Amino acid sequence: MSGGVGGAGGAGASGADDVLWFSQAGKTLYQHAASGRLPPRCEIVLQGAVVLASDKPALCFASTFVKGAGHVQDYFSCKTCRFNWICEACSASCHAGHEVVPYIQAHKPSYGCCYCKKKKT
């Protein structure tokens with residue numbers, strides 16, 4: 001089975017034409033299949049960088065804050081970088097491997113505060 005715009009089917013391990021090739025970014029796997037369904041035992045070949053949503057670092061609290069939404073935020077202090085008021089997302093991604101300790105827990109901020117300098121460079 002051939003799939004994907006500009007793609008060409010290839011021979012699978014069984015010798016059948018069951019390899020799907022995708023050439024357009026932004027489409028789901030199901031949008032590439034003509035029937036809207038992937039055939040059983042098809043082989044999916046990915047080339048290039050693949051980043052899963054679960055592997056992406058969480059967004060900094062300063063960029064996700066919505067005034068009046070009643071946010072409760074834990075803040076951390078990075079002893080390695082010598083910064084306080086670092087949001088939980090930045091403490092886990094930007095400061096992974098650093099000496100990070102709790103600073104203020106269950107804070108109800110009035111604005112999107114995070115003093116992580118790494119996300120700004």
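Y75 touches F61, W85, I86, C87, P102, Y103, I104, Q105, H107, P109 and C113, leaving aside residues up to four places away in sequence; a contact means heavy atoms within 4.5 Å. The model is predicted, so local features need pLDDT of at least 70 and side-chain atom pairs count only at pLDDT 80 or more, while totals for chains, interfaces and linings use all residues. Residues are numbered from 1 along each chain as its sequence is written, and side-chain values use heavy atoms, without hydrogens and water.

**Nonpolar core**

- The largest nonpolar core has twelve residues: C60, F61, F65, Y75, C78, I86, C87, A89, C90, C113, C114 and C116.
- At least two residues of this core come from each of β3 (73–78), β4 (83–87) and α3 (88–92).
- Such a core is a set of buried Ala, Val, Leu, Ile, Met, Phe, Trp, Tyr and Cys residues joined through side-chain atoms within 4.5 Å.

**Aromatic pairs**

- There are four aromatic pairs, counted where the ring centres of Phe, Tyr or Trp (its six-membered ring) lie within 6.5 Å; planes under 30 degrees apart are stacked, over 60 edge-to-face, and the rest tilted.
- The F61 and F65 rings form an edge-to-face pair, because their planes lie at 75° with centres 5.6 Å apart.
- W85 and Y103 are also paired edge-to-face, at 5.6 Å centre to centre and 70° between the planes.
- This pair links distant parts of the chain, with W85 in strand β4 and Y103 in strand β5 (residues 100–107), 18 residues apart.
- Ring pairs join F61, F65, Y75, W85 and Y103 into a cluster.

**Burial**

- Both F61 and F65 are buried, meaning under 20% relative accessible area, with exposed over 50% and partly exposed in between (1.4 Å probe, protein chains only).
- W85 is partly exposed at 22% relative accessibility, and Y103 is partly exposed at 36%.

Notes: Helix = DSSP H or I, 4+ residues; strand = E, 2+ residues; numbered from the N terminus.
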